[in-house]
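Work through these exercises with the structure open beside you. Try each task before you read its solution.

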Amino acid sequence: MNQFWGVDADPTAQGRIKGAKPVAVLDIGSNSVRLVVYERHARALTHLYNEKSACALGRGVAATGKLAYENIDRALTAVQRFALVTKLMKVGKVYVLATSAVRDASNSKAFVDAVEALMGTKVQVLSGAEEAHYAALGVLAGIPGFTGVVGDLGGGSLELSALNAGADSPGETHELGVIRLQDDSGGSAAQAQKLARERLKGSSIVEGKAGATFCAIGGTWRSLAKLHQVLRKYPLHMVQHYEAPAADLLKLSEEIVAEYDKDKTYTGAEHMSSGRRDLVPYGAAVLAEVLKFGRYDKVMFSALGVREGYLYGLLDDKERRVDPLLQGAEEMSVLRSRSPAHATDLIDFTAEFLTAIGVRETADELRLRKVACFLADIGWRGHPDYRGEQSVDLIAYGSLTGVDHPGRAFLAEVLAVRYMGLKHKSQNQSLLALAGPSGSMKARLLGAIFRVAYPMSAAMPGVLPRAGFALVDGTLELHLPSDLAFLDGEHLQGRLDQLASVAGIKSAKVVSG
């Protein structure tokens with residue numbers, strides 16, 4: 001039995017959830033055509049396949065009003081291949097979404113008809129308002145509870161919306177896509193910035209949000225976030241939920257614009273992919289003006305956008321309320337741990353310890369503790385010398401959503417202690433430090449409890465519920481029933497002493513009977 005959603009592994013497919021029917025979204029954008037296949041349609045989405053083809057459908061649309069035939073050919077070739085992928089992967093449902101370039105071009109009907117023939121399903125050409133709405137839902141899908149302004153920068157347009165308490169405002173669309181700006185500005189990032197300034201003047205969403213958070217979506221802005229991480233030597237190279245002061249991003253954006261117009265390059269350009277290198281300055285130009293208009297306090301980046309938002313919008317209210325982090329962690333437990341049921345025992349065991357020593361958890365701390373219990377045994381198949389580092393990497397760089405970077409670092413530190421001990425010398429020290437002093441201390445305590453639990457239970461359910469903790473006259477006592485008294489020994493006592501030390505308790509002992 002699993003505590004939350006009853007997922008189970010598929011015995012016919014290694015690493016797959018039993019009974020899961022893949023769902024796919026084909027996203028036809030102004031810069032690229034991308035197919036993403038997800039393992040199943042659930043609150044926590046797991047990629048089975050993700051590929052894009054840079055077709056630049058939006059190139060020249062602003063000037064001619066039409067999709068260029070050579071770009072249509074490239075896009076249809078990619079779609080033909082993606083149609084084959086969905087058949088090979090036995091995808092249950094494919095959703096095809098088209099955005100700015102297709103909705104703006106006068107000759108898009110023939111293209112849409114061809115795509116529908118290849119994919120065997122209808123193409124949904126999203127309006128600017130719909131695109132903004134689904135982008136906002138995409139942010140909620142990965143960052144539950146986000147409040148602030150959302151901007152989705154594509155090749156042909158910029159969509160804006162505001163999120164508050166899970167509801168988004170009517171969206172806006174602006175002719176500020178990076179390909180459109182590159183064309184309209186004659187290849188000048190400085191001129192693109194002036195155009196952004198003019199075209200944002202009528203926005204009722206972006207202005208007057210002093211002290212708020214701006215959430216940036218879109219491949220060009222993700223590239224800008226990665227560049228910011230490289231330049232500041234940030235230890236976790238993950239864009240999802242990455243936060244930075246708005247002043248830092250404004251400074252970087254304006255530097256990129258100035259450098260690019262002078263030399264057609266910029267600091268850190270070598271770290272960009274060839275397909276994004278010359279688009280980043282135009283994304284920087286737009287971001288600079290958005291931040292000036294909005295006077296935001298910080299910028300957050302989301303790797304989830306219209307595709308994930310569209311799928312999120314199809315869920316019923318009950319499924320939307322599911323915590324994606326807990327659901328994703330439980331799935332990892334089902335697929336990777338020796339006994340998923342042991343996680344439930346571990347949740348109760350760790351709760352009893354915290355109660356015994358008088359620690360009260362916040363809702364966020366409780367949530368992260370449950371997630372850590374689900375993930376506690378994911379590294380058992382690895383070589384004993386490397387289980388710790390592999391587990392740290394799985395958490396730090398995994399596809400879990402609904403967790404910020406300090407939360408990832410907390411979970412990674414818990415597993416580092418669980419597998420490598422309190423004196424571990426993980427190669428990821430700078431990454432683990434993102435948890436902060438308080439988070440690191442709590443992670444070490446939780447990892448130390450795990451180090452007591454696993455020698456007792458061998459990762460199997462049924463043992464931990466029969467043990468308990470008490471704090472008696474300053475001594476931490478681990479109580480065992482008489483038929484489990486044989487578990488008491490030098491190894492368990494040593495682990496218990498370590499746990500007491502981390503908790504600031506002077507002595508510890510095992511009590512049986």
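**Exercise 1.** Is the crossing of helix 7 and helix 10 left-handed or right-handed?

*Solution.* Keep in mind that this is a predicted model. Start by locating the pair: helix 7 covers residues 189-199, and helix 10 covers residues 280-294. The two pack at an angle of about 35 degrees. Their axes are 8 Å apart. The crossing is right-handed. Next, find the residues that touch. Helix 7 contributes Ala-189, Ala-192, Gln-193, Ala-196 and Arg-197. Helix 10 contributes Pro-281, Tyr-282, Ala-285, Val-286, Ala-288, Glu-289, Lys-292 and Phe-293. Finally, sort them by type: nine are nonpolar, one is polar and three are charged.

**Exercise 2.** Describe helix 10 by its length, its surroundings and what follows it.

*Solution.* First, the length. Helix 10 has 15 residues and spans 21 Å from its first C-alpha to its last. That is close to the 21 Å expected at 1.5 Å a residue. Second, the surroundings. Buried means under 20% relative accessible area. Third, what follows.

**Exercise 3.** Find the pairing partners of strand 4.

*Solution.* Strand 4 covers residues 93-98, and five of its six residues are buried. Take strand 1 (residues 23-28) as one partner: six bridges join it to strand 4, and the two run parallel. Here Val-25 stands opposite Tyr-95. Now take strand 5 (residues 123-125), which pairs with strand 4 over three bridges, again in the parallel sense. Leu-97 has Gln-124 of strand 5 as its bridge partner.

**Exercise 4.** Is Gln-240 buried or exposed?

*Solution.* Locate Gln-240 in the loop between helix 8 and strand 11. Read its relative accessible area: 7%. The cut-off for buried is under 20%. So Gln-240 is buried. Then look for contacts beyond four places in sequence. Among them are Phe-301, Ser-302 and His-405.

Key: Residues are numbered from 1 along each chain as its sequence is written. This is a predicted model: local features need pLDDT of at least 70, side-chain atom pairs count only at pLDDT 80 or more; totals for chains, interfaces and linings use all residues. Side-chain values use heavy atoms; hydrogens and water are left out. Buried means under 20% relative accessible area, exposed over 50%, partly exposed in between (1.4 Å probe, protein chains only). Helices (H or I, at least four residues) and strands (E, at least two) are DSSP runs, numbered from the N terminus. Two strands pair if DSSP finds at least two bridges between them. The expected span of a helix is 1.5 Å times one less than its number of residues. Axes are lines fitted to C-alpha atoms, for helices over the stretch in contact, and angles run from 0 to 180 degrees between N-to-C directions. A crossing is left-handed if the near helix is turned anticlockwise from the far one by less than a right angle, and right-handed if clockwise. Contact means heavy atoms within 4.5 Å. Ala, Val, Leu, Ile, Met, Phe, Trp, Tyr, Cys and Pro count as nonpolar, Asp, Glu, Lys and Arg as charged, and the others, Gly among them, as polar.
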